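Have the sequence and the 3D view open side by side and follow along.

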Amino acid sequence: MKALGDLRDYAVARVVGPAALRVQRWGNQWRAWRGSGWESAYLAPPLGVAVRGKEMVARHWLAGRYANRDRKVAWITSAAPVELLHALGFFIVYPENHGAICGAARVAVDLSCEAENAGYSRDLCSYARTDLGSLFSGRTPVGRLPMPDLLFACTNICQTVLFWYRVLAHQLRVPLVLIDTPFVYFETAPEHAVAYVQRQIETSVPVLEKIAGRSLGMAKLKETGTLSREAAHLWMEIMQRNAHQPAPISVVDQFTLMAPVVEMRGEPATVDFYAAMLREVDGRIAEGVGAVKDERHRLLWDNLPIWYRLKDVAEMLGAGGAALVASTYTNAWGELADLIDPEEPFESMARTYLYPILNRGTGHKLKTMRRMIDQYSLDGVLLHSDRSCKPYSIGQLDQRDRLARETGVPALLLEADHNDSRCYSEAQVANRVAAFIETLER
Amino acid sequence: MQPDVNVAPLPSIPRRRDLARAHHERGGLVAAVLPIHYPRALLRAFGILPMEVWGPPNVDAARAASRLQPYVCSIVRNALSFLESGGLQIADLLIVPHACDSLQGLGSVLLDFVHPAQPVLPLYLPRNPAPEGTAFLADEFRALHQRLAEVTQRTPSESELMQAILDEEVADDLLRRVHEQRPTLPLTTFDFYHLVRAREFLPLDSFVSLARAILAMPAVKSPPKIPIVLSGIVPEPMDMLRAVDELGASVIADDLACCGRRLYPAGRSRDPFMRLAESLLGGSPDSTRGSPIQDRLDHLLGLAHSTGSRGVVFHDVKFCEPELFDLPVLRRGLRDAGLPSITVEVDLNDAVSHQARTRLEAFLEMIA
Ligand code: SF4
Ligand code: SF4
């Protein structure tokens with residue numbers, strides 16, 4: 001019976017499922033080619049490559065359903081040194097990405113309620129609540145989440161992940177490997193911080209190897225590092241193409257198209273995917289196609305997306321001729337590409353993973369925003385004040401004031417939450433955005 | 001209802017402002033120190049008087065509203081409000097240890113945007129309990145030592161530093177004994193915390209004398225009526241403690257970040273920085289140090305069992321992620337072990353609500 005079950009799962013995961021997803025992609029590509037199914041008066045249709053990205057992500061989650069049968073599974077935070085785990089053959093799940101999928105599918109509140117009913121405060125990060133709710137209820141829009149053999153957390157995005165993963169470690173009785181990355185308050189991290197991170201990465205290897213049941217091959221690690229760097233470079237190039245006017249790819253599209261560089265960096269398919277995307281973006285530039293049909297204003301987005309209102313926000317802005325051209329969030333997945341050195345994997349991982357924007361000071365973010373305003377010729381900034389993501393949000397009030405004062409570029413604070421739609425007021429956001437666009441028109 | 005203890009006359013505690021003035025007159029500097037963990041002895045070796053800033057409660061929180069969103073905890077918001085309203089003018093420098101995303105954000109906002117008159121010295125607390133974490137913290141203290149030398153224009157010798165550490169270890173040991181002796185001390189819960197929290201700002205000698213005076217108090221014979229454990233970050237607003245006393249209960253042990261989680265054991269190394277790091281990381285499990293929840297649960301159960309406590313009150317600051325994440329597992333674990341618990345969520349600027357008091361009363365009645 002078990003053999004039959006295994007065979008069935010194998011067939012679904014490796015043959016039937018992927019084939020069905022491929023057929024679905026062909027259908028989507030056909031519809032995209034004919035221009036059918038796209039109804040926005042203000043926004044260009046998504047990039048053609050988006051259907052391929054969707055298929056990659058869907059395949060990943062499909063494989064995930066059966067991953068526990070023949071792979072070691074790691075649950076990992078989004079900016080952790082994933083190259084190690086790829087090189088050791090782990091199947092990788094990003095609970096934050098899963099949270100985002102739940103948010104976009106508008107099931108996050110339901111799942112959060114499950115966590116809240118179990119005693120988790122509504123003031124906690126809504127990704128964490130969503131995922132804990134999914135774990136407690138067994139419900140997920142991806143079908144089935146593979147259970148972890150390993151939890152791998154890196155504090156370079158927030159301390160919250162450590163508290164969250166401690167809960168997971170307790171609940172699931174699974175080992176937690178922690179890479180603690182001291183917060184970088186000043187321009188550079190002190191050398192003892194780099195040494196600390198490097199030592200942790202190195203000492204994690206035997207633990208990971210034991211769980212993986214295999215040794216870490218340096219050649220494989222280098223190859224993974226190289227692929228990771230290539231994908232991050234390509235992603236950065238794609239974003240930089242938005243210096244063109246009109247901008248060929250909106251930040252809203254970037255939010256969904258960044259999934260592979262977050263969860264599949266280090267894989268050859270990810271490099272191919274972004275190479276194809278870059279070609280398509282260049283094609284758009286050659287044809288003068290913009291993500292917003294009548295681009296009159298170019299905006300910067302700060303903080304996580306509002307996953308459950310992505311399209312609405314894009315439409316709202318598009319109606320006013322405003323394109324979201326750049327974002328500190330999507331930028332974060334490309335800006336460190338140059339730090340990855342596959343020849344010096346441990347030291348370069350230590351440096352790379354110390355410097356994500358979320359592990360740096362509020363002044364650094366202001367500097368980054370100023371640079372982006374110049375680089376992308378932006379005329380406004382939207383700062384999403386994200387109720388349950390404090391590390392990204394603290395400092396935004398000063399950043400808003402300083403941007404307006406020092407660059408003359410108006411900046412608007414939008415109160416919401418990345419996953420919890422109960423913190424989103426449709427009317428208030430619409431009014432504030434409309435008033436903001438009016439300011440830009442003056 | 002009156003508390004069932006023989007209340008002894010309390011040793012008097014000087015005011016912070018007077019202490020700071022006297023310290024300045026002696027040529028020393030005063031450091032305002034934000035929560036939670038920091039190397040007191042290192043500051044003292046430089047002749048600096050540390051004065052901790054846990055909020056403070058009941059300040060005009062609106063002062064911080066132009067810089068911090070309302071979903072940031074009141075400890076952080078109040079600290080900024082207090083600074084912006086001139087409350088920290090007595091301080092010559094600000095130390096901002098890293099405890100959570102919110103304190104991290106505050107440190108960064110101070111450095112990048114507020115630019116207070118005093119130098120701001122951040123300090124990162126390692127979350128990795130492995131030896132790498134201790135070695136990193138020792139290095140972090142070395143870096144702080146260097147910054148303090150720049151600020152104070154003096155450099156204590158290694159033996160001076162070691163002496164400061166040894167002196168502080170004496171005070172730490174006395175504080176631990178005061179906590180252990182709590183069940184027999186003739187003090188109300190309110191008075192107990194009023195006294196032991198003086199450790200947050202008293203000069204070393206004054207605290208040592210105070211601790212000795214407390215330990216010399218005559219022991220009460222009858223145990224408190226309803227012994228409970230208090231867990232959380234800080235026992236503010238202190239009115240909550242008055243309520244505990246009035247309702248006939250007594251906090252007999254605590255797992256508070258500002259009190260029981262800072263009963264540091266002495267370090268072992270001869271290297272002063274390593275010794276400081278070992279001591280600071282040797283305290284009882286703490287969410288802000290990233291301790292495993294099981295360790296916290298075991299510690300809470302141990303506290304309750306060793307003191308005969310009948311229940312645990314979680315006194316949590318609203319929006320405090322480190323504590324709120326651990327809470328459900330801790331409460332479930334306590335319940336499974338037959339120990340009831342209750343959560344009271346507070347904002348440092350709000351008086352203890354009627355509702356909170358009623359809930360506490362009901363809880364105490366249940367466990368009495
Ligand atoms: S707190 Fe913010 S950075 Fe941390 S996991 Fe949640 S959304 Fe991500
Ligand atoms: S109360 Fe909690 S959130 Fe606030 S500063 Fe303390 S540890 Fe951080």
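## Helix 10 of chain B

At the start of helix 10 of chain B, a side-chain oxygen of B:Asp271 comes to within 3.1 Å of the backbone nitrogen of B:Phe273. That's a polar contact (a pair of N or O atoms within 3.5 Å; within protein, one must be able to donate a hydrogen and the other to accept it, and residues adjacent in sequence count only if both atoms are side-chain atoms). Helices here are DSSP runs of H or I with at least four residues, strands are runs of E with at least two, and both are numbered from the N terminus.

Before going further, a word on the ground rules: this is a predicted model, where local features need pLDDT of at least 70 and side-chain atom pairs count only at pLDDT 80 or more, while totals for chains, interfaces and linings use all residues. Residues are numbered from 1 along each chain as its sequence is written, chains are lettered from A and ligands numbered from 1 in the order in which they are written, and side-chain values use heavy atoms, with hydrogens and water left out.

Back to the helix, which spans residues 272-281: eight of its ten residues are buried, so the rest of the structure largely encloses it. Buried means under 20% relative accessible area, exposed means over 50%, and partly exposed is in between (1.4 Å probe, protein chains only). The buried set is B:Pro272, B:Phe273, B:Arg275, B:Leu276, B:Ala277, B:Glu278, B:Ser279 and B:Leu280. These residues pack against helix 2 (40-45), helix 5 (131-152) and helix 6 (158-180) of chain B, where contact means heavy atoms within 4.5 Å.

## A covered strand in chain B

Now look at strand 5 of chain B, residues 226-232, where seven of seven residues are buried. Both faces are covered: B:Ile226, B:Ile228, B:Leu230 and B:Gly232 sit on one side, with B:Pro227, B:Val229 and B:Ser231 on the other.

What does strand 5 of chain B pair with? One partner is strand 6 (residues 249-256) of chain B, which runs parallel to strand 5 and is joined to it by seven bridges. Strands count as paired if DSSP finds at least two bridges between them. In this pairing, B:Ser231 stands opposite B:Asp255. To get from strand 5 to strand 6 of chain B, the chain passes through helix 9 (residues 239-246), making a right-handed β-α-β crossover. Right-handed means that, with the strands pointing away from the viewer, the path from the first strand over the helix to the second runs clockwise. Strand 7 (residues 311-317) of chain B also runs parallel to strand 5, with five bridges between them, and there B:Ile228 has B:Gly311 as its bridge partner.

## Around ligand 1

Switch to chain A for ligand 1. The residues around it (those with a heavy atom within 4 Å) are A:Cys125, A:Tyr127, A:Ile157, A:Cys158, A:Thr160, A:Val161, A:Trp164, A:Leu304, A:Leu358, A:Ser388, A:Cys389 and A:His418. Helix 7 (residues 160-172) of chain A gives the most to this shell, with three residues.

By class, the shell has nine nonpolar residues, three polar ones and no charged ones. For this tally, Ala, Val, Leu, Ile, Met, Phe, Trp, Tyr, Cys and Pro are nonpolar, Asp, Glu, Lys and Arg are charged, and the others, Gly among them, are polar. Helix 7 of chain A also holds A:His170, which is buried at 11% relative accessible area. A:His170 touches chain B too, at B:Ile293, B:Gln294 and B:Val329.

Most residues other than glycine have a negative phi, and most peptide bonds are trans. Here are some spots to check against that. The bond from B:Pro35 to B:Ile36 is cis, with omega near 10°, and B:Ile36 lies in the loop between strand 1 (29-33) and helix 2 of chain B. The bond from B:Gly55 to B:Pro56 is also cis, with omega near -10°.

What about phi? A:Arg173 has a positive value of about 55° although it isn't a glycine; this residue is exposed, at 58% relative accessible area. B:Gln153 has a positive phi near 60° and lies in the loop between helix 5 and helix 6 of chain B. B:Gln153 is exposed as well, at 69%.

Technical notes
Lists of a residue's contacts leave out its neighbours within four places in sequence.
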